[in-house]
Amino acid sequence: MIEVRALRKRYRSTLAVDDLTFTVRPGAVTGFLGPNGAGKSTTMRMILGLDRPCAGEALIAGRRYAQLEHPLRAVGALLDVGWVHPRQSARAHLRWLARAGGLPAGRVADVLGTVGLTAVADQPARTFSLGMRQRLGIAAALLGDPAVLLFDEPVNGLDPEGVRWFRTLVQSMAAEGRTVLVSSHLLAEMALTATELVVIGRGRLVAQGSLTELAGPQGASLEETYLRLTGQSVEYVSGEYVSGEAA
Amino acid sequence: MNAIAAERSKLLSSRSIWWCAGLSVLLVAGPVGLIAAVPESGWQPDGTEFLTLGQLVVLALAALTVTGEYRHGTIRVTFLAVPNRTTALLAKTVVVALASGVVGLIAGLAGRGTAWLMQPDTGLAELGSGPWRAVAGSAAVFALSAVLAVAVAILLRSTAGSLSLLLGWVLVIEPVVASLPRVGDDTGRWLPFANADHFLYAGLPEPGSIFDAGMPFGPWGALVYFAGIAAALLMAALWVANRRDA
């Protein structure tokens with residue numbers, strides 16, 4: 001269970017997150033949607049105690065992240081696939097992380113197997129493709145076998161097989177009763193993966209509910225629903241294409 | 001303890017630590033060997049003359065272990081595993097300082113050993129306890145230098161900024177301040193690295209104190225003073241790290 005209560009974050013002149021309140025329940029995959037700059041990543045960073053909220057709080061299983069006794073056993077997160085030393089192997093990266101989190105060393109081989117990186121586990125991370133880095137980040141999130149999982153844009157760079165694998169993985173974790181929050185811009189994929197949605201725009205909550213609730217009685221597609229909900233809160237509006245010759 | 005084990009694992013799995021350790025020892029002992037190989041120079045090195053060169057490498061290495069984590073984002077992964085930032089950063093400081101201390105001790109012994117091997121019949125023993133304080137004390141000075149560098153790196157987070165400040169401080173700011181008339185005597189003798197040097201070299205014929213007024217403390221007092229500055233910087237760095245976004 002993740003509870004976000006009246007969360008606010010201001011970076012100098014921009015209000016990134018503004019009085020945001022929502023709850024992510026266990027047992028379901030919750031999609032976290034919003035236009036670019038809506039504050040999704042900032043919110044995730046505050047949930048994980050990396051950024052300090054200016055007001056409000058984010059609780060995991062009733063506690064702030066910093067107060068969790070064994071954080072990696074409670075929460076697994078993939079925020080940025082770049083967060084690995086380029087010269088370190090996947091195995092070495094996971095090994096120090098396991099040590100830091102007080103996890104048994106055997107978990108490293110387990111999660112490498114889960115994400116399918118065993119064969120390349122001893123190669124330096126800089127040789128990895130984006131999809132392999134995603135898998136390494138997912139492995140790091142799974143390391144502590146946590147009850148709460150957060151993924152920020154986890155399927156970017158994964159091949160179709162990887163996308164389906166990830167979908168099955170998070171759905172089975174949700175079916176085990178875990179809490180799963182996934183942010184993504186890929187709405188078609190999200191429609192297949194998530195059953196609950198949290199939609200934010202300009203740092204504020206736009207809508208929260210199940211996919212079918214938000215779609216309305218006509219059963220609109222996720223894309224239609226999303227665009228209707230966020231139409232008023234898009235930060236970067238695209239103009240119409242004007243060809244140079246017409247001007 | 002978990003945090004310390006993780007930091008040790010990180011440090012030892014990087015290749016640059018071994019290169020830097022080797023370079024540090026080489027820079028301390030190498031020039032001693034070169035000078036001793038030319039008896040016509042009339043300079044009989046006692047082996048402690050070039051500890052500062054090794055210390056510069058350790059300053060850079062210690063700073064890089066921190067700024068590298070900020071650059072690659074692994075510091076955030078560390079804070080996810082160890083949300084108490086004081087614990088996480090202190091663990092890193094302890095591990096880097098211990099490693100630097102070992103490098104300092106090896107460098108000190110290598111310098112002394114080179115001087116002794118190359119000039120077996122000169123009266124090195126006559127120099128008394130002074131050089132031995134420098135030989136073994138280099139462990140303490142290197143370790144404390146690492147603490148200071150880690151603190152600066154936590155505060156600045158950028159490799160370029162930290163290296164410029166640390167190396168510029170040792171190589172430019174302290175010598176320039178020390179050479180200024182009047183100001184040099186008042187201020188220069190209170191600067192951190194002047195005190196680290198005083199601990200290493202006090203009582204030796206060279207380089208001796210460059211300040212007319214002499215140093216404010218004896219050699220051991222100077223070491224405590226240097227440690228105090230490193231500790232104060234580290235506390236400031238931890239205070240800042242606990243308050244800002246990772």
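How many of the 13 residues of H5(A) are buried? The count is 11, and H5(A) is mostly covered. A residue is buried if 20 or more other C-beta atoms lie within 10 Å of its own, exposed if 12 or fewer, and partly exposed in between, with C-beta atoms placed from the backbone.

This is a predicted model, in which local features need pLDDT of at least 70, side-chain atom pairs count only at pLDDT 80 or more, and totals for chains, interfaces and linings use all residues. Residues are numbered from 1 along each chain as its sequence is written, while chains are lettered from A and ligands numbered from 1 in the order in which they are written. Helices (H or I, at least four residues) and strands (E, at least two) are DSSP runs, numbered from the N terminus.

**Helix H5 of chain A**

- H5(A) covers residues 130-142. Its 13 residues should span 18 Å at 1.5 Å a residue, and its end C-alpha atoms are 18 Å apart, so the two values agree. The expected span of a helix is 1.5 Å times one less than its number of residues.
- The buried residues include A:Met132, A:Leu136 and A:Ile138. A:Arg133 and A:Arg135 are also among them.
- These buried residues pack against two strands and two helices of chain A: strand S5 (75-78), helix H3 (90-100), helix H4 (106-115) and strand S6 (148-152). Two residues are in contact if their C-beta atoms, placed from the backbone, lie within 7 Å.

**Where the chains touch**

- Contacts link 23 residues of chain B with 26 residues of chain A.
- On the chain B side, helix H1 (2-12) and helix H4 (74-81) are the elements that give two or more residues.
- H4(B) supplies the largest share of that side, seven residues.
- By class, the chain B side has 10 nonpolar, nine polar and four charged residues. Ala, Val, Leu, Ile, Met, Phe, Trp, Tyr, Cys and Pro count as nonpolar, Asp, Glu, Lys and Arg as charged, and the others, Gly among them, as polar.

**A helix pair in chain B**

- The axes of helix H3 (residues 51-72) and H4(B) come within 5 Å and cross at roughly 90°. Axes are lines fitted to C-alpha atoms, for helices over the stretch in contact, and angles run from 0 to 180 degrees between N-to-C directions.
- H3(B) makes the contact through B:Glu69, B:Tyr70 and B:His72, and H4(B) through B:Thr74, B:Ile75 and B:Thr78.
- By class, this contact has two nonpolar, three polar and one charged residues.

**Two other helices of chain B**

- Helix H7 (residues 159-179) has 21 residues and reaches 29 Å between its first and last C-alpha, close to the expected 30 Å.
- H7(B) has a kink of about 55°, centred on B:Trp169. The bend at a residue is the angle between axes fitted to the seven residues ending there and the seven starting there.
- B:Ser162, B:Leu166 and B:Val170 are the buried residues of H7(B).
- B:Pro181 sits in the loop between H7 and helix H8 (183-187) of chain B. B:Pro181 counts as exposed because it has 6 C-beta neighbours inside 10 Å.
- Helix H10 (residues 219-243) of chain B has 25 residues and reaches 37 Å, close to the expected 36 Å.
- Buried residues of H10(B) include B:Tyr225, B:Phe226 and B:Leu234.

**Loop residues of chain A**

- A:Arg12 lies in the loop between strand S1 (2-11) and strand S2 (14-24). Its phi is near 45°, a positive value in a residue other than glycine. A:Arg12 counts as exposed, with 4 C-beta neighbours inside 10 Å.
- A:Ala61 is in the loop between strand S4 (55-60) and helix H2 (71-74). Its phi is positive, about 50°, although A:Ala61 is not a glycine. A:Ala61 is partly exposed, with 14 other C-beta atoms within 10 Å.
- A:Asn36 is found between strand S3 (28-33) and helix H1 (40-47), in the loop. A:Asn36 and A:Arg202 are 166 residues apart along the chain, and their C-alpha atoms are separated by 9.0 Å.

- A:Val163 belongs to helix H6 (residues 160-175). A:Val163 is buried, with 20 other C-beta atoms within 10 Å.
- Leaving aside neighbours within four places in sequence, A:Val163 is in contact with A:Val155, A:Leu158 and A:Glu189.
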